[in-house]
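Biologist: Thanks for sitting down with me. Could you walk me through how some helices pack here, and what the open spaces look like?

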Amino acid sequence: RGQFQYEPLHPPLARVAAALGPFLDGRTSQGQPDMWQEGLAILGKGEQYDRTLALARLGILPFFWIACAVVYCWGRRYFGKPVAALAVLIFSMLPPVLAHAGLATTDMALTALVGAAFLAAVTWCEQPDLPRVLCLGVISGLAVLAKFSAMAFLPVSLLASGLVYVLIERPAATVLAAQLLARLPGVALAAVTALLVIWAGYRFSFGAVPFTSLPLPFPELFAGVKQLVDHNRVGAPAYLLGQHNAQGWWYYYFVVLAVKTPLSVLLLIAVGMFPALGFRCRGWWLAPVFSFSILVFCLSSHINLGVRHILPVYLGFSMIAAQAASSLLEIGCRHRAARWLAVGLLLELVVSSALAHPDYLAYFNPLVGAHPERILVDSDLDWGQDFKRLAARLQKLGAQNLTFTPCMTTNPAAIGLPPLTPNDFLHPAPGWNAVRITQLELFAADVRVSHPGLRLWPDVIPPGERVGKGLLLWYFPESLPLAPAGLPVAHVYCQ
């Protein structure tokens, strides 16, 4: 409609990119007042859900290519072409990266553009000129338009890099002051350019903002930032290691990286950090500073919703891992074991990534074991990606109905599901019952709180089978056991 009214929390760039394909294919506004209903109506228009969703996901794919280009250019600039090629190989084989490169969300756009803006800033600091400062301004503006996290990730990583530069290079105070003064006009020009790009992204809107009665450019951005700050203050329902907490945990993202990153990459990162302590090639410290500064910043976040929120850290980690693999291969000229270790680790990454296909979203490394839901759920395990598998399984079983509460879908019949009845976690229904693991572990916590001392039936009755990575399936006969008055059927099964 030419207006940005549905939800200011997420800026328009990645959303427009995802909408472009469906729009060109004839999917236009359906006039729904609610954002979720509007999105579902667009996806389901003409019963072409698969085609529309595929077109939306295609709009995000170019950001994956941009991220790979950033990794290559960064690696080539500071480590050479062989390391750059290895870094791209590692980055493009990481299951979390592949998962979110194929979804119509904002996370891959943020990853690509924050990395590009950081690299543009560093190259401008090294070689300040007009084309580079304009490039920095444009890319920084696009990064903010991709996701508001860029407004924190970019300054934090650049500030940390500046501090590390001073500690390592130890420039004289007069030299440092002269360098800063010489670059102040460029900083101002880059900021003005970024603001113009952001304003253009909001179609040069002008209006009232939350903190003043004066009209300002892009009021939607101010509204979105306020919504984000409020969201972080209140928190979000989160799950980690079997615990629930709306305010999150300071160590959440350490656990996420430990279980969602392939073991071979974790080992290469560990190896790569040791030579970095004594390595003195130009810019050797940029990659670890970029990734760890973002990671440390996110430790204070009260929104703990998965690896996707720290996806940019894999840009720097891929560089560190590539440098480690390259060093091992060089050492292999003298010690054959080092060469075989490097080759083995790279092969493990490729094989584990191939074996994860197509379930990159639900990938966990072998440290987790057979029950990843004991560690993480939600977008790290079950984001509703197994509905078609469930439909195919029920068709094979001849199911005529199903007790199931999907996360969201336009028309269950469109993906082959039979008529649905919502779940009741206190009483299983006769016939087929399906439960999303995320729904059980995260959102059913409210039911547990409202019924203290009683266990939910999915907690005590083993499922008949697991469908895909994120769905559990049961079949109950028509005559279920009778429970005493006031007690759920689950209590009878417990006895």
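This is a predicted model: local features need pLDDT of at least 70, side-chain atom pairs count only at pLDDT 80 or more; totals for chains, interfaces and linings use all residues.

Biologist: Are H5 and H15 oblique or roughly parallel to each other, and what is the hand of the crossing?

Modeller: Roughly parallel would need an angle under 35 degrees, and the axes here cross at roughly 125 degrees. H5 and H15 are therefore oblique to each other. As for the hand, H5 passes H15 in a crossing that is right-handed.

Biologist: Which residues of H5 meet H15?

Modeller: On the H15 side, the partners include Tyr314, Leu315, Met319 and Gln323. By class, this contact has 11 nonpolar, three polar and no charged residues. The residues that H5 brings to it are Val83, Leu86, Ala87, Ile90 and Phe91.

Biologist: How are H4 and H7 oriented to each other?

Modeller: H4 spans residues 61-79, and its axis lies 8 Å from that of H7. The two pack at an angle of about 30 degrees, and the crossing is left-handed. Angles under 35 degrees count as roughly parallel, so H4 and H7 are roughly parallel.

Biologist: How many charged residues are in the contact of H4 with H7?

Modeller: H4 contributes residues including Phe63, Trp74 and Arg77, while H7 contributes Leu119, Val122 and Glu126 among others. Of the residues in this contact, 16 are nonpolar and two are polar. The charged ones number two.

Biologist: Which helix gives the largest share of the lining of the second largest pocket?

Modeller: That pocket holds about 1400 Å³ of space and is lined by 42 residues, with Ala121, Val122, Trp124, Cys125 and Leu158 nearest its centre. The lining divides into 30 nonpolar, seven polar and five charged residues. H7, H8, H9 and H10 each supply at least two of the lining residues. The largest share, 13 residues, comes from H9.

Terms used. Residues are numbered from 1 along each chain as its sequence is written. Side-chain values use heavy atoms; hydrogens and water are left out. On a 1 Å grid over the protein atoms alone, a cavity is a set of points where a 1.4 Å probe fits but cannot get out, and a pocket is an open set with protein on both sides within 12 Å along at least five of seven lines; lining residues have an atom within 4 Å of a point. Grid points are joined across faces, edges and corners, and a volume is the space filled by probe spheres set on the points. Helices (H or I, at least four residues) and strands (E, at least two) are DSSP runs, numbered from the N terminus. Ala, Val, Leu, Ile, Met, Phe, Trp, Tyr, Cys and Pro count as nonpolar, Asp, Glu, Lys and Arg as charged, and the others, Gly among them, as polar. Axes are lines fitted to C-alpha atoms, for helices over the stretch in contact, and angles run from 0 to 180 degrees between N-to-C directions. Angles under 35 degrees count as roughly parallel, over 145 as roughly antiparallel, 65 to 115 as roughly perpendicular and the rest as oblique. A crossing is left-handed if the near helix is turned anticlockwise from the far one by less than a right angle, and right-handed if clockwise. Contact means heavy atoms within 4.5 Å.
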